[in-house]
Amino acid sequence: MCPTTLGRVQTRWATIILPAVIAAIISIATHDAGWIVLIGVYFILGVALDSAFYPFIIRWQPPWLTFTLAVGEFILVYILAHVLKVGLTNVEAVLLYWGAWILAIWTKVAILPLISLSWIENAGEFRQTGWSVPPDYQPLALTAFTPPMESSGPPPLARAFSSVNELPQGLRSLPSPSAVHEVPTPLG
Amino acid sequence: MPADYPRDSVLAVAGDGFGSLLVHATARYLGFENREITVFGPSPNPVGTYQQFAHNLGQTVLRSESESHFLAPDWPTFAQIDAWSRRSLAPVWRSTRRKYNPGVAEILTEAQVVQRRMGWDQSRVPLRVGWVQREMTPTPHFVLYDEEANFIGRAKHVMLAPGHGPLSFPPVLAKARDDPALADRIVQAYQPKRYVADGRYIVLGAGIASVNEWANILDAGGSVLALTRNPQPETQDLNVPRCLFESLGIDTYLSLPFEQRVRFLGEVLKGSRPDRKQWIDRIEQGEREGRFAAAIGEISAVQAGPAGLRVHITNPRGQDPGWLDVTGVTAGTGFNKSVLTIPLLRRLIEFYDVPVADGRIKLQTNCGVPGLDRPESRLCCMGLIANNVIPHGDTIAGLKFIARRFVSDVARAERLKQRPFTSRVSLQVSMGRDVAQALRRIPPTQQLA
């Protein structure tokens with residue numbers, strides 16, 4: 001995958017929703033805001049890295065690198081959690097981080113491709129499954145002739161058909177186009 | 001059981017290969033019914049042509065990676081299905097390092113399962129499309145005729161998926177093949193072949209097909225002279241640089257004028273090959289045994305000789321190797337890429353005055369045929385003929401890219417009520433399960449990367 005900056009940020013948003021909901025429920029149940037705060041820290045740090053760091057060092061991101069980046073982010077989140085004193089124990093923070101990461105990665109691997117057929121092809125961006133450059137449709141000439149302009153006069157053939165002209169002798173004796181009343185030769 | 005005809009449908013595919021299966025599978029995944037889709041083509045097997053070519057090449061694994069397979073969405077990947085089937089994490093582990101390539105037997109097995117589950121054959125009319133007529137009333141649509149000019153159906157949207165043109169030989173070899181005494185000794189990598197021990201063979205080209213032939217000849221105990229016009233190409237795992245496989249790369253590619261795109265394709269498609277350890281081992285061993293060598297030059301003359309063929313090789317950059325006596329020549333030069341070699345396209349080009357340059361249709365940026373394509377009634381191309389828009393258009397990934405967008409266009413034009421998410425999940429899980437079960441019945445293909 002070759003994610004764009006927008007693709008990274010959009011994907012980060014999409015994958016954090018489920019962990020954030022679960023962390024919010026735990027925070028409400030335990031009356032401890034630390035759970036949802038830690039997810040918030042993880043998210044803000046992630047968006048900062050996605051927009052200001054990763055695009056400059058990673059162009060094509062192979063799957064193994066995703067786990068490596070997760071380890072790096074874990075270290076940064078761990079440090080930030082201590083600096084900001086989010087109020088969770090080390091064990092709680094580690095469990096929450098890796099639980100959230102597993103949920104996020106499952107969302108990324110299994111759910112997003114089912115929601116959007118072209119999510120991977122679109123560099124992680126949520127675009128309509130369509131062509132990236134809109135086509136410049138060309139008009140189709142469906143008839144074998146160029147339609148006359150309203151202002152143009154009768155064409156030369158119409159002028160040749162004009163009754164103003166003397167009718168050539170040969171035209172006078174031609175049969176009618178209809179064959180309905182044609183008499184079969186043997187009966188003629 | 002194939003479908004009856006004439007048959008009216010919402011979308012039709014002119015062609016019965018890989019592309020037709022991907023369009024059909026994507027359409028079914030999004031919510032179209034079988035009665036709304038028609039595949040036109042005589043083959044009851046959408047992977048039959050590929051299977052024959054792969055067999056002739058002696059190819060055992062695809063060059064593509066784990067996402068390149070026949071399920072419409074990107075989950076599950078083929079490595080995940082393979083892991084599920086074999087109860088082993090090895091395919092997923094290889095896939096995370098981009099060292100997993102689906103085996104030919106495995107991918108063809110999957111294609112059979114997808115074909116059966118999606119009812120591809122029930123949508124198929126067993127006739128080749130010979131003519132497509134644009135009609136504008138009462139609503140824009142296409143009328144389809146077979147090669148005998150018989151009416152075979154109508155469709156609002158048509159995908160042209162005719163596959164490759166005929167096999168291509170350099171002119172000197174093409175002329176020599178007209179001589180019955182020489183014809184059997186000059187073969188294409190994609191044709192059936194038989195190599196013998198102690199045979200002396202020249203293999204033209206250095207792309208993946210040629211490298212396969214080097215290995216096949218060495219395995220048979222023969223000797224190989226690998227002949228290329230230029231120094232050997234760089235090794236590269238995929239047909240085109242990775243990011244060109246995605247919209248970001250395709251955006252950049254499409255921003256180039258047509259002529260620059262064609263030039264760029266000439267560069268990237270000049271014959272790259274994947275760097276696979278097992279091939280390298282075999283070739284190095286052949287080199288040590290004095291049975292493999294590479295040379296730069298071109299065959300400038302061919303005649304009958306005591307070994308079967310006597311060929312003259314010219315090297316404009318250095319010393320000529322001169323006349324050589326060989327058992328045979330294998331050309332890894334692929335297919336004729338000109339759209340004019342495909343009868344249906346040639347007729348459309350000539351009748352509708354479709355713009356062509358360098359043997360390629362100047363397609364719109366949505367792979368539409370200029371002049372005939374409309375948003376409410378699409379006429380689209382896929383495969384090699386579309387690689388001036390989608391550079392990897394003739395790979396599974398490229399076919400999938402085009403199929404997804406074409407079917408999505410049709411779904412929007414027809415205001416399709418799309419399959420709900422829960423149904424998508426259950427379809428994918430059950431398809432993955434069926435493919436995994438089918439894979440269990442075949443021996444795993446050895447990975448080469």
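**Chain B as a whole**

Begin by selecting chain B and colouring its charged side chains: there are 54 positive and 45 negative ones, and the centres of the two sets lie 4 Å apart. Here Lys and Arg count as positive and Asp and Glu as negative, while His and the chain ends are not counted, and each charge is placed at NZ of Lys, CZ of Arg, CG of Asp or CD of Glu.

Before going further, please note that this is a predicted model, in which local features need pLDDT of at least 70, side-chain atom pairs count only at pLDDT 80 or more, and totals for chains, interfaces and linings use all residues. Residues are numbered from 1 along each chain as its sequence is written, chains are lettered from A and ligands numbered from 1 in the order in which they are written, and side-chain values use heavy atoms, with hydrogens and water left out.

Now switch to a cartoon view of chain B, which has 14 helices and 17 strands; these are DSSP runs (helices H or I, at least four residues; strands E, at least two), numbered from the N terminus.

**Colour by confidence**

Next, colour chain B by pLDDT, the predictor's confidence in each residue, from 0 to 100; the chain averages 88, and 94% of the residues score at least 70. Select strand β2 (residues 37-40) of chain B, where confidence is highest at a mean of 98, and then helix α10 (residues 258-268), where it is lowest at 76. Residues 234-239 of chain B are a stop for caution, as pLDDT stays under 50 there. Where pLDDT is low, the predicted coordinates should not be read in detail.

Most residues other than glycine have a negative phi, and most peptide bonds are trans. Select B:Trp75 and B:Pro76, whose peptide bond is cis with omega near -5°; B:Pro76 lies in the loop between α2 (48-57) and α3 (78-86) of chain B. Move on to B:Thr137 and B:Pro138, joined by a cis peptide bond with omega near 0°, with B:Pro138 in the loop between β4 (129-135) and β5 (141-146).

Finally, turn to chain A and select A:His31, which is not a glycine but has a positive phi of about 55°, and which lies in the loop between α1 (5-30) and α2 (34-52).

Notes. Contact = heavy atoms within 4.5 Å.
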